[in-house]
Structure formats: C-alpha cells, structure tokens
Amino acid sequence: MADRRIPAFALVGGLILLGLFGPGGADLRAQQGFAGLGTRTEGYAAVPDTPDLRFPRDHGAHPDFRIEWWYLTANLTDEKGAPLGIQWTLFRQAVRPPARTTAQQDGATPATPWASDQLWMGHAALTTRTRHLFAEKLARDGVGQAGVQLDPFTAHIDDWRLSAPDTPGERLSPVRLQASADGFSYDLTLDARGPLVRHGKGGVSRKSDRGQVSIYLSQPFYEVRGRIRVAGEQRTVTGRAWLDREWSSQPLAADQTGWDWFSLHLSGGARLMLFRLRGDKGAPFKAGSWIAPDGQVTPLNGAAITMRPLEETTLAAGRVPTRWRVTLAGRDVTLTVTALNKAAWNPGRVAYWEGPVTVSGSHGGRGYLEMTGYDSESLRSDRNDTGSPQSR
C-alpha cells in the first residue's frame, strides 16, 4: 500500500499540480499560479535552450527537475462498436531542490529509503458514454512502490504499470499498459506506428511570454489492442493511444490559473496537440503542434489558434466547457470537439476534467481533452476567444 502519510500533493495532465493543502497549508492557486505551479524554483534544474535528448535515457526519470509525468490516453472501440476511453498517468514530484538534501550536501546515504525527496502519484480512469470511473494512488520513492527503470523499461506505481519487454528505443514500442481499480481494469498492448515527436523548438515548449517552459515529447502513433473490464463485464478493444512525456521545474507563470489541453487523432492520419493557459487577466497563452502522418511536426503559435467553448455542462464542481470550436488559421481547419461523457470529472486531490472527445467538421476523429481550474471559485469559463457558450 502507498504511504498516505506523505504530504498531500496532486499532479494533473500535461502538468503537475503541487498542492500542500494539509493542516496549516495555504491554497496556492491565488498567488503562485494554478496549484502552485508558478512558484519560484531556485535549486532545481532549468530547461536548457537546446536539450540533449537521448534514448532510452530520457524515457526515464529526471529527478533534478521539480515535476515530471508519463501520461497516456487511449480512444478505444469494443467488439460491439461502442466507444470508450482510458487514462493512465504516473507523476513524479521532487519536494525540495537536490542541492538542499542531506545526501547531496555530505555525500551520505540516507538512513532509510523513506528519506527520499521524490514522491509519486498515479491516476487511472475509464470512460464510456454512461460511466466515468477514476482511481488515484500515492507513493514515495526508494521503497519499491513506484518509479521508472530502463532495462527493461517499467514505469509503475504499485501494480499499475507501463512496461516494455526489452530496453526501449526512441519510439518506446511495444509496451504493455495495466491498471486495476474498483469497477474497472485494463490490460493493453501498444505498438508505435510512427516516431516520437518533439513539441515547440526541439522539444522545448513555451508556456507563457515570461519564460516558463518545459521539455515536452509525445508518442501519438500507438495502435492498441487488448482487454478492459467495466461493471464486471470483460470486453475486447482496439484503438489508438497518445503518450505525453513532460518535465520542468516551473511550467506556469504566477498568474496562470488553469488550462484546456487537446490531443486529437484526425481523419487522414494527422495528429493535433493544442493548449491554452488561462490567466487572471488578458488573453490566454496558446500553442500547439500539427503532426503530419509521417511524424513531421509544425509548431503552431497562438495567433493561428482559436479555441472557443460552445457549450458548458454544470457539474457539482462548477461549469465546464464540454463542446468546443477549434480553428487553425491558414490551414482550412475548423473542428467541433464534443465530450463523449460530459461528466468525466476526476475527483482527485486536485480535481480536474479529463475525458475522450469526438471530432467533426473539416476533419473527423477522436481524442482527449483535459481541463483544469474550473473547480476554483476564483475562475470562470474564459471568453477571450470570443463568443458565449450555452449552459446546460
């Protein structure tokens, strides 16, 4: 069992959410970016202008950076033709800079494995048209409960794991994905039919106009086959999956309060990644990547991207946009993106919306959408891309 006495923390999607909300703790969202992601990071590693990315090394952990994740989503179809989606995420958090640890200062071996400054968190979810099931695990590094190894590759927390039979190449393929929780499980095999891609400039992805960046890689070309179990029923499934790998020490500016993140498999074989980071004032920061069927990446700047909510759904946590209009200037791309299940809310230590979507318009397709910040009373659905969404 994971040690639940560790400081409460939560990590989400393309970014980690550090939330020290225990007794005497302060909700950091108001003054240091969403969930503290805009905090200062003296002592941690900084993202270089030109990262020296090497594989399989960089499939592994980067403990000198404050935050990191292995984030996988899959759009699946069962043997009866019913659509569904799964999410599997492993997050790593350094609780203090490496230079400040006792072991780093005096060269001594920690007296106990529990002295590790690396914390881990896992999220698993399964979504159908009528069900959304979610589970969460916590662990500390150093005692075998969670971590990432390279020979052979295994990323795991307890019995949830993403693993390869041998030391992986750059494509990280083939891999096996496993998770089991109350009400659902999945056991899937993923084969990459295209290259690992680098977002931004050589893998350096900007998150604001004030210098916040991350190293951001994706494997968006997985073909999937395997089995899932939901409500006691086992189903055979096939589909496509998308793995995001990201690490940073300060991915947000202090006034960025949430985000909307799309990863889409489009008809014709292209893939599309888009995000917008909402702030307390002014227009959101937007960026993305157009990924051709052969894996060639074209960065997209904010001026070319419009992401407009068309419809909101009222959940217990607040109003969440569940249908969107996305346009890309200069590409003749106009998409309507609609949630498969509007109630795909993950009630973790920091809650967020995460679920499969369908795509129509100039391109068809399927994908995933992640939205954070909508559970905070200080936030509202952003209208800066013009237009007012309908509420339901």
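**Reading the salt bridges**

Analyst: Arg176 is partly exposed, with a relative accessible area of 39%; on this scale buried means under 20%, exposed over 50%, and partly exposed in between (1.4 Å probe, protein chains only). The model is predicted: local features need pLDDT of at least 70, side-chain atom pairs count only at pLDDT 80 or more, and totals for chains, interfaces and linings use all residues. Residues are numbered from 1 along each chain as its sequence is written, and side-chain values use heavy atoms, with hydrogens and water left out.

User: How many salt bridges does a search of the whole structure find?

Analyst: Side chains of opposite charge can pair when their charged atoms come close. A salt bridge is counted when a side-chain nitrogen of Lys or Arg lies within 4 Å of a carboxyl oxygen of Asp or Glu. The search of the whole structure finds 22.

User: Which residue does Asp191 meet in a salt bridge?

Analyst: Its partner is Arg225, at 2.8 Å from N to O. Asp191 belongs to strand β9 and Arg225 to strand β12 (residues 213–230), 34 residues apart; strands (E, at least two residues) are DSSP runs, numbered from the N terminus. Asp191 is buried at 17% relative accessibility, while Arg225 is partly exposed at 46%.

User: Is Glu311, the salt-bridge partner of Lys342, buried or exposed?

Analyst: Glu311 is buried, with a relative accessible area of 7%. The closest N and O atoms of Glu311 and Lys342 are 2.6 Å apart. Lys342 is partly exposed at 27%.

Notes. Helices (H or I, at least four residues) and strands (E, at least two) are DSSP runs, numbered from the N terminus.
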